[in-house]
Amino acid sequence: MVPGLCARPRARGLELELNDTLKRPLRDLRISVTDRCNFRCRYCMPKEVFGRDYVFLSKDLLLSFEEILRLARIFSGFGLKKIRLTGGEPLLRRDIETLVAMLAGIPGVELTLTTNGSLLAKKAVGLAQAGLHRISVSLDSLDDKVFMAMNDVDFPVSRVLEGIQAAVEVGLSPIKVNMVAKRGVNEDSILPMARFFHGSGHILRFIEYMDVGNTNGWRLDDVVPAAEIVRMIGAEMPIEPVEPNYRGEVANRWRYLDGGGEFGIVASVTQAFCADCTRARLSADGSLFTCLFATMGFDLRNLLRSGAADEEISQAIRSVWSHRADRYSEIRGSETADLHKVEMSFIGG
Ligand code: SAM
Ligand code: SF4
Ligand code: SF4
């Protein structure tokens, strides 16, 4: 048997489980469908860099829907459990509902999407009809002044809330709401957000601000650590930790003792979870990345467009994953500070 592989039976026949060098299986695939966005969140696509002169990918460089579907099917042969469509802003990709319908047909794979919510009120019905299973919506504050300063395009909170409501109405609940917490920028929004989503049926997830890419000017001092967020919320509303739903779940879960539901914290900086990281990422132009903080990807588009058979592509993925040794968050430090990392909007958050 090939190193890194072990056979296990599944409903659709024999499936090969693929492990990397740290015995982590390939369970999640995040697919970036565009590197473009209508927001300019300062922690992700600062205007000074992603402004008027920035050159985004041209259409011919983007994977087509057929190419994405073909890759997703090949990946699913390794025991994939979840596909997340992301970007840039995935709802900007024309006819995204068509891609959702194509991917929703892959058996045994949960299909989710992460969006800034700006187009969700318009698109929720189409996405649900196309078969999307779940959705995550990013919202960094309920305070317009703070939120507008963060998205840097004056986009108001109310329109994201309308998007969330539209998603609820078409049955995409429970919705995960992502909030990146940045020191001195929106830390005062942590409690108002917790209160607002307490008892709502939605799951608020705080994300520690990360040093993805090289353009956001990240400093460790800008991170609001998970432990501080837990203390803040716990001081007002009694909470207790909850076991993860499955190996590799990114957020630590917390439950309100009064039955008001739960919230999560993605503590990628202060409590690295690389040991359980089962995520691969496909950039909008078809490169495979095995870590959010990678400096290089493996070009699958070239294979697709040079007439490679499925088995050849599958072999390439197998080779990349079985050599994977990424654990950036565990080794983050002065030696990693100067790495030329890919940007979040390109690799897909
Ligand atoms: N545009 C969509 C959105 O904002 O939801 C999808 C792509 S975005 C890159 C995915 C997620 O990454 C969002 O929840 C965003 O807040 C988060 N994100 C972006 N840059 C980040 C950073 N530097 N640190 C932590 N989270 C970040
Ligand atoms: Fe756009 Fe999402 Fe990045 Fe904000 S976090 S700039 S919405 S891709
Ligand atoms: Fe996974 Fe890389 Fe993040 Fe570690 S740093 S959890 S390996 S994406």
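The following legends describe close-up views of a predicted model.

**View 1. Packing of helices α1 and α2.** Helix α1 spans residues 65–76 and helix α2 spans residues 96–104. Their axes lie 10 Å apart and form an angle of about 25°. Because angles under 35 degrees count as roughly parallel, α1 and α2 are described as roughly parallel to each other. The crossing of the two helices is right-handed.

**View 2. Residues at the contact of α1 with α2.** From α1, the residues Phe65, Glu66, Ile68, Leu69 and Ala72 take part. They meet Ile96, Thr98, Leu99, Met102 and Leu103 of α2. By class, the residues of this contact comprise 8 nonpolar, 1 polar and 1 charged.

**View 3. The largest pocket.** This pocket holds about 470 Å³ of space. Its lining consists of 24 residues, and those nearest the centre are Lys82, Glu110, Lys176, Tyr246 and Glu249. At least two lining residues come from each of the strands β4 (82–86), β5 (110–115), β6 (134–138), β8 (203–208) and β11 (262–266). The lining of the largest pocket divides into 13 charged, 6 nonpolar and 5 polar residues.

**View 4. The second largest pocket.** The volume of this pocket is about 320 Å³. It is lined by 15 residues, of which Lys59, Leu62, Leu92, Arg93 and Arg94 are the closest to its centre.

Conventions: Residues are numbered from 1 along each chain as its sequence is written. Chains are lettered from A and ligands numbered from 1 in the order in which they are written. This is a predicted model: local features need pLDDT of at least 70, side-chain atom pairs count only at pLDDT 80 or more; totals for chains, interfaces and linings use all residues. Side-chain values use heavy atoms; hydrogens and water are left out. Axes are lines fitted to C-alpha atoms, for helices over the stretch in contact, and angles run from 0 to 180 degrees between N-to-C directions. Helices (H or I, at least four residues) and strands (E, at least two) are DSSP runs, numbered from the N terminus. Angles under 35 degrees count as roughly parallel, over 145 as roughly antiparallel, 65 to 115 as roughly perpendicular and the rest as oblique. A crossing is left-handed if the near helix is turned anticlockwise from the far one by less than a right angle, and right-handed if clockwise. Contact means heavy atoms within 4.5 Å. Ala, Val, Leu, Ile, Met, Phe, Trp, Tyr, Cys and Pro count as nonpolar, Asp, Glu, Lys and Arg as charged, and the others, Gly among them, as polar. On a 1 Å grid over the protein atoms alone, a cavity is a set of points where a 1.4 Å probe fits but cannot get out, and a pocket is an open set with protein on both sides within 12 Å along at least five of seven lines; lining residues have an atom within 4 Å of a point. Grid points are joined across faces, edges and corners, and a volume is the space filled by probe spheres set on the points.
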